[in-house]
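Visitor: I would like a close look at a single part of this structure. Please take me through the nonpolar core and the backbone around it.

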Amino acid sequence: MTTIHLNGQDREVDAPDDMPLLWAIRDVLGFTGTKYGCGMGLCGACTMHMDGAPIRSCVTPISAAAGKKITTIEALGKEKVGKAVQEAWVKVGVPQCGYCQCGQVMSATALLTRNPSPNEEEIETSMAGNICRCGTYNRIKTAINTASESLNGGAK
Amino acid sequence: MRPKFSDFSLVNHGIDRRGFIKSVGASGALLFTANWTWAQEKPAKKYGGEGMPGGTKSDPKLFVAINHDGTIDITVTRSEMGQGIRSSLALVVADEMEADWERCRVVQAVGDEAKYGNQNTDGSRSMRHWYEPMRQCGATVRAIIEAAAAAGWNVPVREVRASKHSVIHALSRRKADFAELVGVIASFEAPDPISIRYKNPRTYRYIGKEHTHSADAASMVSGTAIYGGDIRSAGMVYAVVARPPVLGSRVESFDDSEALKVKGVLKVMPIEGAAVPSGFKPIGGIAVVAENTWSAIKGREALKVEWSSSPHDSYESEAYRQRLEEASSNPGKLVRSVGDVEAAFSKAKKTHAATYYLPHIAHAPMEPPVSTAILRNNFLEIWAPTQAPQAARTEAAERVGLPLEKTRINVTLLGGGFGRKSKADFISEAVEIAKAFPGRAARVQWTREDDIRHDYYHTVSGEHLEASLDRRGKVSGWLHRSVAPTISSIFNQDPKHQQEFESNMGHSNVPFAIPNVRIENPEIAAHARIGWFRSVSNIPHGFAVQSFIAELAEEAGKDPLRFYLDLLGDDREINPGELKDGWNHGEDPKKYPVDTGRLRNVLNVATKEAGWGKRLPKGRGMGFAVHYSFVSYVAAVLEVEVEKDGNLIVHKATMAIDCGPRINPDRIRSQMEGSCVMGIGLATTGEVSFENGSAKQSNFHDYQVPRISLAPKSMSVHLVDPEKKVELGGVGEPGVPPIAPALCNAIYAATGKRIRRLPIGDQLA
């Protein structure tokens, strides 16, 4: 039994210590917004925030999350930056199939929280771990800039 | 007496929304029950949507329901996999019926082709087959609403008009919201047939307009969108399957003693595999069923399986590449012949030959195959991200021995499809496990490794081209031999030749003004499951043809653009039959000729917008390609730089598409953007290779797909107006074929290095 602080609430998870956080949250706790893509930390579809930092939950055992603050896509809209990123994604029309986009949004939110006005290189570096097979990368860049502008009151 | 609408007032789709997918607060609603027919000429041979199993439907009662609060439910029957079709088709209905998009909701149809018409979401044909039926549907609903309002106000119907979710009677300055009219409509007796008139296109609010309206974007970025693996049910079991690593291999024996010791594992069970050719059926293996996905994965790791030997054990990609290239250097089955190529070659001032190779690639949608099934109370229900729900349902019904009406397949969002999810194998696996756990939902989850090792791979091919140039540098003879294992090998025993639909994807049907043409297809056998990958055979054919033309331009000492336009010749509409294209993407050859003027036009637009011929910074090069497929015309110009260490930077991509009338421009643009990135990916790193019969790659570390840094630094897509009235073309696929050749032509311009073997990999280092 592991206790994690998920989206503002303490949750007890009855799962073996080595179960990745991804499966614990999806299968045991029933929050399905976070997606499985590779199981090796290669694609970023499973990105969550642990104590504010983006992590790949498919390779993070639940035991490593004990007592940590975990934020998943389900609660991201409650945060100012997360909400701005989600709105920018919709405005710009980023999603195609949408499957990877929760992970993209989590990574973009972590970036803008840390760096409110990233340049193109910083965007590419921060988003390098998130694959989009539909190839929405150019719009992802545009949406990050759009969110950045809205968070900075119109100026990037 | 005609039935009143109220006779059919039902709780809207209540039955379809039952189950695990949460209902979105539907109130009571009204179903339209129109049963009017439209006189339609029946051509001898059916084309387009009518030529598809189930045909098309436009009956409003299938697609539109008005809720008591005035909100509209629009049912979409095609699968959403990123092309935006759920939104685009619903927007067509909403526009024609004068509904406000903000008050519309999209409902996904269950798989039922007898009811809804064809639901196979493939071949880039959803919009071109369903635009007219959906327009007709929307216009009919508007006619009903207007007639009902007029009857309620006791005024002539010609004096009222629907506008923005209301009906207006200008003369009496009355206006009623659709919500206020629900009661009126319910008691209204519609004339039979009701006369409908379409909106003047100038009054369209959504059709052809620039907007990013989406039924799904907001839920996709907030984690509430439901994909194949997001179905929840108490007591659900989770399975992964160990599958034979080689085509035709089967389980010889297995030892599940360690697997059963893994905490959470409930059962280890064989899944019967179909013999080769296995079609869309599972290839068999051993399923590990557990209380959660992780336990199933751990259980499978502890499982020991002995696999039987197979005739395909010796499949080895490097040896196969040599066989392909050798086969392509010798004459093969004649597909098309014009004039006398041999004579042209012997008289030529110059001849040129090149052989190209393209490997297998895997679809690798971000959502690997996954599906859920439950068998309870003599009823089978499935939730699956499928491109072909009817086929999956039919197969599932047979597996459980139930009639079709005792089965239901719910189509979830697809986390990417690209052709992979047309096959029902992963759905049938869930059904088999559901049979072993009656009353409990059973999910089969494919891991990424499963996905890449057991795909229906894009074919592997050798493409050999030879051409002659006359004294003026014009192409006088053209020989193209394409050798590739055919998709039909998944259905038929050991076929050796490409089918017509494969040759007609850019091999036989090249429309060039060349007097002597010879198209051949030497034989080769398949040793892996081959399937449709977005754009299909257009990828190898387009790559070879467009690379070769650039090589010929060089041989002729001419600018590639001028050379290409010359090769196209005068603008003309060619009967596809003349190009040995009897398939023509299933479309009427009279309505869909191959139009060289449209090819010229997109190429001119793309090259002009890209600044073709301008001076580029040192180390950069520009290349183009243009390709006709899925009855659309697409040109791409790429500007690249190769750094000293071989690192490739795509600075700029410029694309132009003529897909005929445009319904949702932003989604056309997004498909071109995505096609560009996918094309760059397959050109640079896309390869699944085989050793001892098994795929060597397994996950994104060794099967690399583009990341953000490989996307073009800038990208523009130009939606080209056709110069004449033409029919709707495809959008989802035709953007891919020109990208790899445009990229390699650009690399040649930048470095002088000609790439004839994909992927590029480390060839630039």
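Guide: A nonpolar core is a set of buried Ala, Val, Leu, Ile, Met, Phe, Trp, Tyr and Cys residues joined through C-beta atoms within 7 Å. The model shown here is predicted. Its largest nonpolar core has 273 residues, and the members that touch the most others are B:A239, B:V288, B:V602 and B:A636. Helix 5 of chain B, residues 126–153, gives the most to this core, with 14 residues.

Take B:V288 as an example. Leaving aside neighbours within four places in sequence, B:V288 is in contact with B:A239, B:V240, B:A259, B:V265, B:V268, B:A296, B:G299, B:R300 and B:L303.

Now the backbone. Most residues other than glycine have a negative phi, and most peptide bonds are trans. The peptide bond from B:V276 to B:P277 is cis, with omega near 0°. B:P277 is in the loop between strand 10 (265–271) and strand 11 (285–290) of chain B.

B:F630 has a positive phi, near 50°, although this residue is not glycine. B:F630 lies in the loop between strand 24 (620–629) and strand 25 (632–642) of chain B. B:F630 counts as buried because it has 27 C-beta neighbours inside 10 Å, and the cut-off for buried is 20 or more.

B:D494 also has a positive phi, near 55°. The loop that holds B:D494 runs between strand 20 (475–483) and helix 15 (500–503) of chain B. With 10 C-beta neighbours inside 10 Å, B:D494 counts as exposed, since the cut-off for exposed is 12 or fewer.

Methods:
Residues numbered from 1 in each chain as written. Chains lettered and ligands numbered in written order. Predicted model: local features only at pLDDT ≥ 70, side-chain atom pairs only at ≥ 80, totals over all residues. Helix = DSSP H or I, 4+ residues; strand = E, 2+ residues; numbered from the N terminus. Contact = placed C-beta atoms within 7 Å.
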